[in-house]
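Please brief me on the structure shown here, for a reader who works with protein models.

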Amino acid sequence: MQVPLMPLYFALLRQPLRLLLHSLLLCCVFFSLQGHSKPLVVATYAYPDINRQAAVTPLAHWLAAQQQQQVTVLVATKPEELVQLAVQGKADLVVPNLVAYLQIQQQNQTMLNFLVPAGQQTQQQAVYTSSLLGKNVTNFQQLQLLLPQGQPLTVFAVWPDSASGGLIATAALKQQLAGQFLKLKFNYVGSHQAVLPALAASEQGLGIVASATLPAQLPKDVSEIWRSAELPFGALLCNSQTLPCHQLSQQLSKAPQAAAVLQGLQQGWAEFRQSTHLAPVDDAPYQPLRGLLSTGSAKSHTA
């Protein structure tokens with residue numbers, strides 16, 4: 001049987017064209033999906049007089065290059081808003097403070113440790129601590145005698161759940177004062193820099209602030225009553241539902257861009273300024289602080 005050559009020729013020609021058109025269609029669909037994919041989010045929280053968006057932008061640029069995907073920076077207006085965003089899975093990399101870090105991990109176990117600013121052992125001593133100050137109060141013994149005699153004493157602090165500006169020293173006051181603790185009246189002033197001026201302007205009171213923000217010379221009649229042990233920094237967190245967290249943390253810790261990422265973080269957080277590199281997170285130092293959270297010392301704000 002003789003087969004007509006021209007129809008067979010055109011049939012064979014149409015087959016590669018059909019395959020080519022099919023491949024082009026798949027490519028168009030792929031690039032269309034890529035163009036409309038949801039951007040990754042690097043999230044942190046606002047702080048007075050500090051450009052936190054600029055501080056985390058180098059991290060966002062690195063993530064975008066690494067994942068070949070659009071990345072946006074989200075700065076929550078309040079620290080507790082950052083916690084909620086992370087708990088709800090609406091952030092991919094999170095730069096929190098210490099208490100927000102603990103709260104996020106407590107409420108969402110898919111948010112994994114990423115990296116944390118660190119330094120040499122000799123440089124880490126007393127870098128990040130909390131100080132309890134007194135105006136016309138010099139020690140706990142005087143405070144214990146003073147409280148039963150008069151009006152409630154005002155404590156100027158940053159936020160209730162600020163580690164160095166609230167939570168840690170509040171726990172120390174509860175331990176030292178026992179039942180008299182309820183006679184303290186807390187006034188949250190919103191930043192570490194605002195604590196000392198507010199305390200100095202009062203006739204008598206207490207202040208809770210990060211030790212690193214204290215001047216070399218304290219104002220008249222203000223003294224440091226107590227200083228905490230060294231606190232670990234709040235670590236960066238990674239959403240394991242959207243990112244290969246372990247792989248990315250290893251890549252960033254060795255990447256040339258790590259220096260720029262750390263420099264950005266140092267501009268946004270005073271406590272990071274003595275850090276020399278980004279390191280894996282050691283979970284052990286955080287365990288006692290998780291105990292403070294579970295006792296209900298943390299209420300509604302973070303710093």
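The points below describe a predicted model.

Residues are numbered from 1 along each chain as its sequence is written, and side-chain values use heavy atoms, with hydrogens and water left out. Local features need pLDDT of at least 70 and side-chain atom pairs count only at pLDDT 80 or more, whereas totals for chains, interfaces and linings use all residues. The protein has 11 helices and 12 strands; these are DSSP runs numbered from the N terminus, helices being H or I with at least four residues and strands E with at least two.

**Confidence**
- The average pLDDT (the predictor's confidence in each residue, from 0 to 100) is 85, and 82% of the residues score at least 70.
- Residues 8-13 stay under 50 in pLDDT and have zero contacts beyond four places in sequence; a contact means heavy atoms within 4.5 Å.
- Residues 122-126 also have a pLDDT below 50, but seven contacts link this stretch to residues beyond its near neighbours in sequence.
- Where pLDDT is low, the predicted coordinates should not be read in detail.

**Overall make-up**
- Of the 303 residues in the protein, 45% are buried, where buried means under 20% relative accessible area, exposed over 50% and partly exposed in between (1.4 Å probe, protein chains only).
- The accessible surface comes to about 15,900 Å², with 57% belonging to carbon and sulfur atoms; areas come from the Shrake-Rupley method with a 1.4 Å probe, and for residues only the protein chains shown count as cover.
- Among contacts with a separation of 6 or more, 79% are between residues 24 or more positions apart.

**Nonpolar cores**
- A nonpolar core is a set of buried Ala, Val, Leu, Ile, Met, Phe, Trp, Tyr and Cys residues joined through side-chain atoms within 4.5 Å.
- The largest has 58 residues, and those with the most contacts inside it are Leu59, Trp62, Leu63, Phe114, Leu252 and Leu265.
- Another core lies apart from it, with 16 residues, including Leu132, Leu147, Val155 and Ala169.
- Beyond its neighbours within four places in sequence, Leu63 touches Leu40, Val42, Gln68, Val71, Leu93, Leu243 and Leu248.

**Helices H4 and H10**
- Helix H4 (residues 98-107) is largely enclosed by the rest of the structure, because eight of its 10 residues are buried.
- The buried residues of H10 (residues 258-268) include Ala258, Val261, Leu262 and Leu265.
- These buried residues of H10 pack against helix H2 (52-67), strand S5 (116-118), helix H9 (245-254) and strand S12 (277-279).

**Sheet**
- Five strands form an open sheet with mixed pairing, in the order S2-S1-S3-S11-S4; two strands pair if DSSP finds at least two bridges between them.
- S2 (71-76) and S4 (111-113) are the edge strands, each with a single partner strand, so one side of each lacks a neighbour in the sheet.
- S3 (residues 93-94) and S11 (residues 237-239) run antiparallel and are joined by two bridges, with Val94 opposite Leu237.

**Two loop residues**
- Ser211 lies in the loop between strand S9 (205-210) and strand S10 (222-227) and counts as buried at 8% relative accessibility.
- The side chains of Ser211 and Thr129 make a polar contact of 2.7 Å; such a contact is a pair of N or O atoms within 3.5 Å, where within protein one must be able to donate a hydrogen and the other to accept it, and residues adjacent in sequence count only if both atoms are side-chain atoms.
- Asp49 is in the loop between strand S1 (40-45) and H2, and counts as exposed at 83% relative accessibility.
- The C-alpha atoms of Asp49 and Gly268 are separated by 9.9 Å, with the two residues 219 apart along the chain.
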